[in-house]
Amino acid sequence: MGSQLKPITLTFVIFLAVGFSEKIWTQQSTTGQPTTGVIKKFNQQDKFRQLEEILPTPNIFRTASGAPGPGYWQQKVDYEIDVRLDDEKQHIHGSEKITYANKSKDTLRYIWLQLDGNIHRPNARGVLARNATDLSSGMSFRQLQNSLVRKTFDGGFKITKVISLPKQAALRHTIVGTMMRIDLPKPLRSGEVFKFQVDWNYAINNARVIRGRSGYEYFPRDKNYIYEMAQWFPRLCAYTDATGWQHKQFLGRGEFTLEMGDYVVRITAPRDHVVASTGTLLNADQVLSRRQRARMKEAQSAKKPVFIVTPDEAKSNESSRSTRTKTWVFKADRVRDFAWASSRKFIWDAMQHNQNGNQVMAMSFYPNEGEPLWSKYSTHAIIHTLNVYSRYTFDYPYPVAISVNGPIGGMEYPMICFNGPRPETDGTYSARTKYGLISVIIHEVGHNYFPMIVNSDERQWTWMDEGLNTFLQYLTEQEWEEKYPSRRGEPKDIISYMRSTNQVPIMTNSESILQFGPNAYAKPATALNILRETILGRELFDYAFKEYARRWKFKRPMPADFFRTMEDASGVDLDWFWRGWFYSTDHVDLSIENVRQWNINTLNPKIEKGLAKKQRNSQPQTKSAERNKPLKKRANQYPELKDFYNKFDPLNVTKLDLEQYRYYMAQLTEAQRKLLTAKYYFYLVDIKNVGGLVMPIIIELHYKNGKKETRRFPVQSWQQNNESITKLLMTEKEVTKIVLDPRLETADIDTTNNVFPREIQKSRFQLFKDSRRRGTVPNPMQLDRYIKDLEAAEKRAKEEREKRRQERSKDKTDDAKTKGNRPADRENKSKGDK
């Protein structure tokens, strides 16, 4: 214990063997007895085994370098949609014309569409698959209300028409849960296009009762609604080279896998509603007032957000109840999805941002209930996100970026996202709410890059968008302000999860993930941060990560494409890293098991025997030796029993010792004599891999003179033994303490074994009164007395509160009477009159 390093001190001797030029090191203990090595059995696991046997075989679609191959293809789907919002019945009615282009080399006999809203049917697979939790701790009112409403509410798609175009012939179709198969009238060959129409309607869910990624929020005070509409239309499933049709059922957790395409959407809503949407507004002259259009023009050159609809205007609009409608027309190109929001409660602010030549209109839509938080932070957070994400990936390519406040806590779509945090009803807010809002906007706007543009398969691999996006969110938060309270990204913040046992690897299907947030968001984000800061360094990592984003912009990557690109662009073998962090549940826990200090034996008898004598004399006297000292000794009673050895000390320097030393030194060269007398310290540090996850070894040396030094050893140190290794450290100064991972870079779950010598762990505990009697339930015979005691205590508390109230009231009255009669008050009044 303590701060002073006190390892076993050993010396080694450098021998000069006549006829040989090599130097042989032998280990010798301070007792003069040679030590012997012990061969220890260990269970070697190949933590560095390459991933070729796991990753799919490269082909003409996806290369071994991680880039799209010469034969890469993806389908294209264009939509023309008309949708009407029924604000009286919370219902929508839609009709879409879809143009499906078969870019694959395959001939298709049917196509699949997603009907994600079918998860809101009482018999939905995603609802029935949910398992119960223990009710001993109770159930919230919201949970009970949700369960009761789900028994009767049907928010699934009502498909009323499926016809071919232009012939308008009915198409045979089959609904399978949240999917619908349409049988084609004839096979669709490579390069051909098929056009068809689907009409539908459905009841919108109350998102405060039936949670989801879409729905409405009702405000009883002013009897208005905010609608946030997502997964609101039948969408084509993705057909890819890797999976064929991706038509895994939507069970609620695994999100969406979609095709890129162009959209024209006409949204008909009440005339007094404000609509926010994916895409560019085409008919601003018809749906915006002259004043609103002028404000939009002002926002193009403004230095801060400009109100398009002011808080007062939104407040006034809450009482409007127009029976007429208005149609907003939006166009969006090269997007994989489309979402919108509508309400008469919306405040609307905007500010144009120049993203390296692309003029982006950043806009926020929110009710007065979001003030003053939203007007202060939302649009600024949008622009900040575009700046930082674009620097690490590619320039934001779309014309608008929107953040909307409503019932959805946080959800992303192309050019638009839904975010939930609001202040209290009195306008105040906690730090958690403030930073929660900024962080969720950064996160959801950031999803434009992953997966809206780098179009990964969310239904299968949650981490490919959530993990990468959370990593960039962390980088963006750290550029918002000093000491931003990021929740994810720092290695030290994931230790509790890494220590837990209820885990599955990151490479797990979305629906099978345990501890969803830590697994799919925090762990991959932290892994990438470690890869950037500790494994590759910022320059190599940033180049490789940007190359991945550039390669797969508007394309569909798979996990192997990410792994291979990061290695290909950085030039570093990272299979051990992906295997440990993404394919296993191992954790980092390195332990310093022992440290041995060695010094060169100078062979100078005056030095070496002097040191040995000093060490011998410093040994403590044993208890037995102390008690035996006063005993009469026979050799003292009979002096003739004593001889030469009674006075001989083997550690005294003899003439023979000096002559042998002189002879030995005469055979050495000048350089060898300098090495022999060099003052170096050699430390053998035994390190054990307790957690199983191999990582680089970062060692901090604390010297006796108070200085520190950090030394780094590559992860390949573990290649031949994954369990335990020994590192040799040679220093010119004496070491007092050795620390592993001193700056918390590796997510080591136990830092107590990172220090040698071990340190006393300090903490604090709280004293409290023994409250056992207070919580004791009375027996039935004590019940009447118990109730009387409670009533008496309540009466005394009430009297005490009334007494304090009267005292405060009297103090205020006295202050009012004396105010103005004090000298200072009269002086101030005189100055005020003047």
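This is a predicted model: local features need pLDDT of at least 70, side-chain atom pairs count only at pLDDT 80 or more; totals for chains, interfaces and linings use all residues.

Trainee: What does β5 pair with?

Mentor: Strand β5 (residues 108–114) is joined to β8 (residues 179–188) by 6 bridges, and they run antiparallel. Look at M179 again: Q114 stands opposite M179 too.

Trainee: How should I picture the side chains along a strand?

Mentor: In a regular strand they alternate between the two faces of the sheet. Now try another strand, β15. On one side, β3 (residues 76–86) runs parallel to β15, with 6 bridges joining them; R84 has T268 of β15 as its bridge partner. Strand β19 (residues 325–335) also pairs with β15, here in the antiparallel sense over 9 bridges. In that pairing, G261 stands opposite V335 of β19.

Trainee: Why is β15 described as largely enclosed by the rest of the structure?

Mentor: Count its buried residues: 7 of the 10 in β15 (residues 261–270) are buried, so the rest of the structure largely encloses the strand.

Trainee: Okay, helices next. How do I describe two that pack together?

Mentor: You give the angle between their axes and the distance between the axes. Take α9 (residues 463–478) and α12 (residues 538–551): their axes come within 14 Å and cross at roughly 140°. Angles over 145 degrees would count as roughly antiparallel, and α9 and α12 are therefore oblique to each other. Their crossing is left-handed.

Trainee: Which residues make the contact?

Mentor: From α9 you have M464, L468, F471 and L472, and from α12 you have F541, F545 and Y548. The contact residues divide into 7 nonpolar, no polar and no charged. Here's the general idea behind the spacing: an α-helix has 3.6 residues a turn, so residues three or four places apart point the same way.

Trainee: Last one: is helix α14 mostly covered or exposed?

Mentor: Mostly covered: 8 of the 8 residues of α14 (residues 575–582) are buried. Among them are W576, F577 and W578, along with D575 and R579. The buried residues of α14 pack against α9, α10, α11 and α13.

Note on methods. Residues are numbered from 1 along each chain as its sequence is written. Side-chain values use heavy atoms; hydrogens and water are left out. Buried means under 20% relative accessible area, exposed over 50%, partly exposed in between (1.4 Å probe, protein chains only). Helices (H or I, at least four residues) and strands (E, at least two) are DSSP runs, numbered from the N terminus. Two strands pair if DSSP finds at least two bridges between them. Axes are lines fitted to C-alpha atoms, for helices over the stretch in contact, and angles run from 0 to 180 degrees between N-to-C directions. Angles under 35 degrees count as roughly parallel, over 145 as roughly antiparallel, 65 to 115 as roughly perpendicular and the rest as oblique. A crossing is left-handed if the near helix is turned anticlockwise from the far one by less than a right angle, and right-handed if clockwise. Contact means heavy atoms within 4.5 Å. Ala, Val, Leu, Ile, Met, Phe, Trp, Tyr, Cys and Pro count as nonpolar, Asp, Glu, Lys and Arg as charged, and the others, Gly among them, as polar.
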